[in-house]
Amino acid sequence: MARGARSNGRLDTALVVACVLAALTLRSLAPARRDPIARAVRETFVAPLLAGQSSVTRSERALREAAALRRATDSLTRLAQGATALAAENATLRSLLGLAPQVAWGYVVAEALPASAPGGAATRLLSIGARDSIAPLSPVVTAAGVAGLVATVDDRSAVMLTWAHPDFRVSAMSEDAGAVGIVTAHASNRGGEGLLELTGVPFRTLLAPGTLIVSSGLGGVFPAGVPVGKVLRVLSDEGGWVRSYLVDPAVPLPSLSGVLVLRAPRVRAGLDSVWSR
Amino acid sequence: MERRTLGFVVGIAAFVLLDLAVWPLVDARGLLDLMLLAVVAVAGRTRPGLAALTGFVLGVLRDAAVPDAFGASALAFAVVGYGVSRLSAGAFEERVAATAAVLAIARLVADVLYVLLAGRLHGTDLLLHLIWWAPLGAIVTTGVGLVVLRLLPPPADRRRGGR
């Protein structure tokens, strides 16, 4: 009896030690080795759950948009009855439909699904994957502007780095192209509700609060002209050579759900006229 | 499979499904950890080794959605599963105060281990998480856990040998 208990105790200890060692090994793996394992788990066990999550998100959005659709229906009814101000009504309906018609081609619509882990707002799972012809570093945008970029792509899902992720970078400029710099997540980000930083702006260029910052197109990841955020204030002036600015993000992450992932040909063709409305 | 065991397995599966598929959509700042409740429920009814293994597997499932912290939840839940099973001796769900204490400590330990291993928070954000969000999460998870753990069918035999 006592020998059996000792044997069970040893088995328990061996199991917990094995689990801890396996977890530490997974944690210390380089991304090139870690990502295939994470991808395998996602594709086998988590993918069906993602499909469910995607359905729940779509249903929730459908409920939220019911009022907008009702308004659109009312507008259509009025239009049919009166047939007046046709162009103005048309513009209203187009704006209700969102960004997709402006982009017109070369994009995929996706759900950006949040992760449940603490600090998970820095990454999102996208409900699309390699089957939809997206690739790592594809830009992710919304009608408001830059949301993030695709980090890794699986067959049916993808991992997106939101702008709150420490590794996120976008080459940016002021709307008048007078100042160019790099936008990164501000160090105080927590839970994706933080701010952005525009760094490396030449000291002689002073940006006023409220200045719109857009992607510059340099680097080839984001096309030029996508809104990134608005300048809040000067953050620092490092040694009198360059300034950093605190930027209020254009895309609030807590409400992020439907996004557009731009394919490479669309990025190369540019999106100059889409956000400059 | 015994009906009671089947009910328990279905309950745990429901926790995992809710945690991975539905709960992330609720903007609750991660205060309620349903996966941890699943680990604690299993740990309260199984041997420490099996509890650690369950925690590890559920942690890997969660980590798959956040690849840059891969392994952090697995380690945190394995440690919590082992610890809860070892300390609770299988009878903690019968006493409310003991259940509350186990849930709160389990959540705090899992949260602190995850945050330290994931390495996403630094400086004042880390401090704020440890002194404010982690205890708040422990309170919320404990409150909900006291209710939902009672919904699971009780184990066939709480007395387990070999501890």
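Colleague: What makes E4(A) and E5(A) a pair of strands?

Modeller: Five bridges join E4(A) to E5(A) in this predicted model. Two strands pair if there are at least two bridges between them, so E4(A) and E5(A) qualify, and they run antiparallel. In E5(A), Ala158 of chain A is the bridge partner of A:Val153. Four residues lie between the two strands of this hairpin.

Colleague: How do you know that E3 and E12 of chain A pair?

Modeller: Strand E3 (residues 139-141) and strand E12 (residues 258-262) of chain A are joined by two bridges. The cut-off is at least two, so E3(A) and E12(A) count as paired. A:Val140 has A:Val261 as its bridge partner in E12(A).

Colleague: Which strands make up the closed barrel of chain A, and in what order?

Modeller: Six strands, in the order E1-E2-E5-E4-E3-E12, with antiparallel pairing. From one strand to the next, the twist averages 40 degrees. Within this order, E2(A) and E5(A) share four bridges, one of them between A:Leu126 and A:Ala158.

Colleague: What lies across E1(A), and at what angle?

Modeller: Helix H2 (residues 31-64) of chain A runs at about 95 degrees to E1(A). H2(A) also lies across E2, E4, E5 and E12 of chain A.

Colleague: Why is E5(A) called mostly covered?

Modeller: Five of its five residues are buried. On one side these are A:Ala158, A:Met160 and A:Thr162, and on the other A:Val159 and A:Leu161.

Colleague: Why is the contact of A:Asp154 with A:Arg39 called a salt bridge?

Modeller: Their side chains meet at 2.7 Å, N to O. The limit is within 4 Å, so the pair qualifies. A:Asp154 is in the loop between E4 and E5 of chain A and A:Arg39 in helix H2 of chain A, 115 residues apart. A:Arg42 belongs to a network of salt bridges with these two residues.

Colleague: Is A:Asp154 buried or exposed?

Modeller: Its relative accessibility is 1%, and buried means under 20%, so A:Asp154 is buried. A:Arg39, at 28%, falls between 20% and 50% and is therefore partly exposed.

Colleague: What makes B:Arg62 and B:Asp19 a salt bridge, and are they buried or exposed?

Modeller: The N to O distance is 2.8 Å, within 4 Å, so this is a salt bridge. It ties together helix H3 and helix H1 of chain B, because B:Arg62 lies in H3 and B:Asp19 in H1, 43 residues apart in sequence. B:Arg62 has a relative accessible area of 4% and B:Asp19 is at 0%, so both are buried.

How values were computed: Residues numbered from 1 in each chain as written. Chains lettered and ligands numbered in written order. Predicted model: local features only at pLDDT ≥ 70, side-chain atom pairs only at ≥ 80, totals over all residues. Heavy atoms only, no water. Axes fitted to C-alpha atoms, helices over the stretch in contact; angles between N-to-C directions. Contact = heavy atoms within 4.5 Å. Buried < 20%, exposed > 50% of the residue type's maximum accessible area, 1.4 Å probe, protein only.
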